[in-house]
Every structure is written in C-alpha cells, then in structure tokens.
Amino acid sequence: MTNSPRPYGNSRTPVAPAQTPADEPPASRAGPQKATRSTPGGKQRDAFFDNAKYLAIVLVALGHAWGQVLDDGPVETAYRLVYTFHMPAFILISGYFSRSFDLGPKHVQRLITGVVVPYVVFETAYSLFERYGNDQPDHAVSLMDPTYHLWFLCALFVWRLTTPLWRVIRHPIPVSLVLAALGSVSPQIGSDLELQRVLQFLPFFVLGLTLRPEHFQMVKRRSVRVLSVPVFLAAVVTAWWTMPYMQIGWLYHSEAAEQLDAVWWVGPIMTLATLACSLAMTICFLAWVPRRHMWFTTLGAGTIYGYLLHAFLVKAGGYAGFFDQPVLQEPLGVLGLTFFAAAAVTLLCTRPVQRALRCVVEPRMDWAFRRDAGEAARVRERPRVAEVRTPGEKVSV
C-alpha cells in the first residue's frame, strides 16, 4: 500500500469540501426542522442544516490536521473514517439546496459571485502563498488546475450548471452512478478542473437534488440513531482492518483505477462500494446532528469562510516544519492538534471574519450585471400603482 502521509504536499492532493453559499429556500420548504431563525434578508434558516454544516467543517479541519501526522494506527483510522463521509455530506447538502437552481439571471449571478469569484480570488492567493511562503518562485497561477482544496468550487460550478438536466431526466441517480463508474476507468480525463472528482462524487449531488424534507425527517428517527451506533463501530473496525490493503486514494475519488495500481474493472466495483459506505456513514452523521439551536448554530452560515481560510494555517505549518515536531507523534500532541484545528476553524466561521472578507467571499457585484428586464419593469410600475386610489379613499400619513 502506498499512502500519502502529507495530503497538503501538492496541488493534486484531495481534501474534503466545505460549504459554499447555496440558494436556500425558506425553512418551511427547505427542511424538516422546527428550530429556525431569521436572517437579515427575512429568510428562515434551519438550525439542523446549520448545525450539520458547522460540524462537517470541523471534521474537514480535523481531517486536514490529522493528515499531516498519519501513523498507520489510530490517527489514520480516524482520518479514513472522517474521509468516508464528510465530503459526501457536504455535497449532498449542497445538492439539496440547489433544487431550485435554474439558468435564470438571479441564480447565474449567485453562481458567479458565490462560486466563481471566490475560486479565482483564493486560487490566486494560495498560488502566491505557495510561491512566496514556500520559496517556490516558479509556482504557476493556473485556474485550470485547482490548488489543494479548491477543487470543490470547480465541482460545484459544474454540478450547478447541470442541475436542470438532472431535474428532467427520468432516472437521475442511476445515470449519475454510471458516470461515476465510467470516471473510475478513464485515466485520460486528466487533472483539469478536477473532472475526475466531478464525476465520481456526482451521485451525492444528484441524490441531494432528489431529496425532500420528509427524507430528513426519516433520518432523525430514534431507530435510525440507534442503528447508526453499530454501523459506526463497524466502520471504525473496517477502517482499521483495511489500512494494509486499501489505498486511501479510493476515498479521495481523484484518480482512476489504473492510477491506483488496480486493473480497470476494479474501478467501478470500488467506486460503487465506497459510495455505498459513504452514504451509510452520511446517514449516521445526519442522524446525530442536533435539531435545536445550539451555541454553534449561527456559525453554520459562515462555513465557507472556514473552508477557504483554514488551509492557509495548515500550509503555513507545513512550510515551517511544524508538523515534524516529535510531540505530534504522541497521543497528547495529536489531541492538542485536534483541539487547535477545531478552535481555529470555529473562529474562521465567526461574524467578524465574515464581515471582513465578505467583499471577496460573497460579493454583491451589482455593478457587473445587467438588470433583469422584468425586474426593471416592476420597479418602474411600482410608483404608478401607489398613486392609484379609489374615490373617497383617505391617504395615510
């Protein structure tokens, strides 16, 4: 087995995604949970989904931190377990909140400001950080080869654009599974825009598009929570037992079977098997996500900030040799690293960080778009409607 102990060592290394802005409908239509809160724009946010996003982004940070100190023991077992479901959970939730996406002007503008602009800004920033922070003056800035964890924004861009297609075909999930299997036997796809992962993770996005609020109600049943305990324990044993035999790359879904030193027909089998395991673990994760408003619920709205920023800390630690410290090979050192990673990503999701970086993470950019003709007509008609009064009607003051 050939594992990569330092997932941050190159631009091709897969990492888990983080939440990006989605077109979230009001909670009365979007989710099954009763605990909601109003946003400044008047929409209701569902506490369940905000809790899920926050907990998932913490797992992302933990996975990236553990990835620097893999030991072929408990740390790698936890690392493999987390990588089984935190990425699929994010993708499934992103698909669920993309159900209303179409190619209308408002949704396309949101796609540009919430996905394309952050990708361009942070792809450039991470490339320059690699160039000057790691003393790599020849490191290129390429928008076609995503640096590190930004592959998810490329994938989300492609998935969102194809949403209308998945909403009209008769059997979207089987079709997406076929495409994922074909990706696993196509090494010629290459690394441009990480299309391999776009294909292999596609079923989770499509599944999210097909889910309805009642499906999340089913996940929260007591019987599902109870059953998730033995499933989780079985997953821990499996992650530990398969370490000598299974390359971690099968969980990254970034390469075809031949690139993982397997014959081509193993690709579809392993891809479908790992996707099934990921689905089971995602259900277990969602079953234990709190429904009610918690102290961290408000942080769920800022997970994209933690996602985009936390990698600077991990990369800086790698550049400075921090992860080579002997103490990080000890249980207490790993425990301290775990707490630090969780605390750091939590701080990066807070409102002060959101306010400081909203101009590049969630810019409005009204100046860059033409006003929709229908909206402009409604704005012109509004004063006229206000002036129409029936005879004898009093004017309020």
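This is a predicted model: local features need pLDDT of at least 70, side-chain atom pairs count only at pLDDT 80 or more; totals for chains, interfaces and linings use all residues.
Figure 1. A total of 23 aromatic pairs is counted in the structure. In one of them, the ring centres of Phe129 and Phe312 lie 5.4 Å apart with the planes at 75°, so the arrangement is edge-to-face. Because Phe129 belongs to helix 4 (residues 105-133) and Phe312 to helix 14 (residues 303-320), this pair ties together parts that are 183 residues apart in sequence.

**Figure 2. The stacked pair of Trp151 and Phe201.** The planes of Trp151 and Phe201 meet at 20° and their ring centres are 5.8 Å apart, so the pair is classed as stacked. Distant parts of the chain are linked here: Trp151 is in helix 5 (residues 151-161), whereas Phe201 is in the loop between helix 8 (195-200) and helix 9 (202-210), 50 residues apart. Trp151 counts as buried, with a relative accessibility of 0%. Phe201, at 1% relative accessibility, also counts as buried. Both residues are part of one aromatic cluster, formed by Trp151, Phe152, Trp159, Phe201, Phe205 and Tyr307.

**Figure 3. The charged end of Arg99 and the ring of Tyr96.** In this view, the charged end of Arg99 sits over the ring of Tyr96. The distance from that charged end to the ring centre is 3.9 Å.

**Figure 4. Gln68 in the loop between helix 2 and helix 3**. The loop that holds Gln68 runs between helix 2 (47-66) and helix 3 (74-96). Gln68 has 4% relative accessibility and so counts as buried, the limit for that class being under 20%. The side chain of Gln68 reaches the backbone oxygen of His64 at a distance of 3.0 Å.

**Figure 5. The second largest pocket and its lining.** The volume of the second largest pocket is about 330 Å³. Its lining consists of 17 residues, and those nearest the centre of the pocket are Thr84, Thr238, Ala239, Leu251 and Cys277. Two or more lining residues come from each of helix 3, helix 11 (222-241) and helix 13 (266-287). Helix 13 gives the most to the lining of this pocket, namely six residues. By residue class, the lining of the second largest pocket comprises twelve nonpolar, four polar and one charged.

Conventions. Residues are numbered from 1 along each chain as its sequence is written. Side-chain values use heavy atoms; hydrogens and water are left out. Helices (H or I, at least four residues) and strands (E, at least two) are DSSP runs, numbered from the N terminus. Buried means under 20% relative accessible area, exposed over 50%, partly exposed in between (1.4 Å probe, protein chains only). A polar contact is a pair of N or O atoms within 3.5 Å; within protein, one must be able to donate a hydrogen and the other to accept it, and residues adjacent in sequence count only if both atoms are side-chain atoms. Rings of Phe, Tyr and Trp (its six-membered ring) pair if their centres lie within 6.5 Å; planes under 30 degrees apart count as stacked, over 60 as edge-to-face and the rest as tilted. A charge sits over a ring if NZ of Lys or CZ of Arg is within 6 Å of the ring centre and within 35 degrees of the ring normal. On a 1 Å grid over the protein atoms alone, a cavity is a set of points where a 1.4 Å probe fits but cannot get out, and a pocket is an open set with protein on both sides within 12 Å along at least five of seven lines; lining residues have an atom within 4 Å of a point. Grid points are joined across faces, edges and corners, and a volume is the space filled by probe spheres set on the points. Ala, Val, Leu, Ile, Met, Phe, Trp, Tyr, Cys and Pro count as nonpolar, Asp, Glu, Lys and Arg as charged, and the others, Gly among them, as polar.
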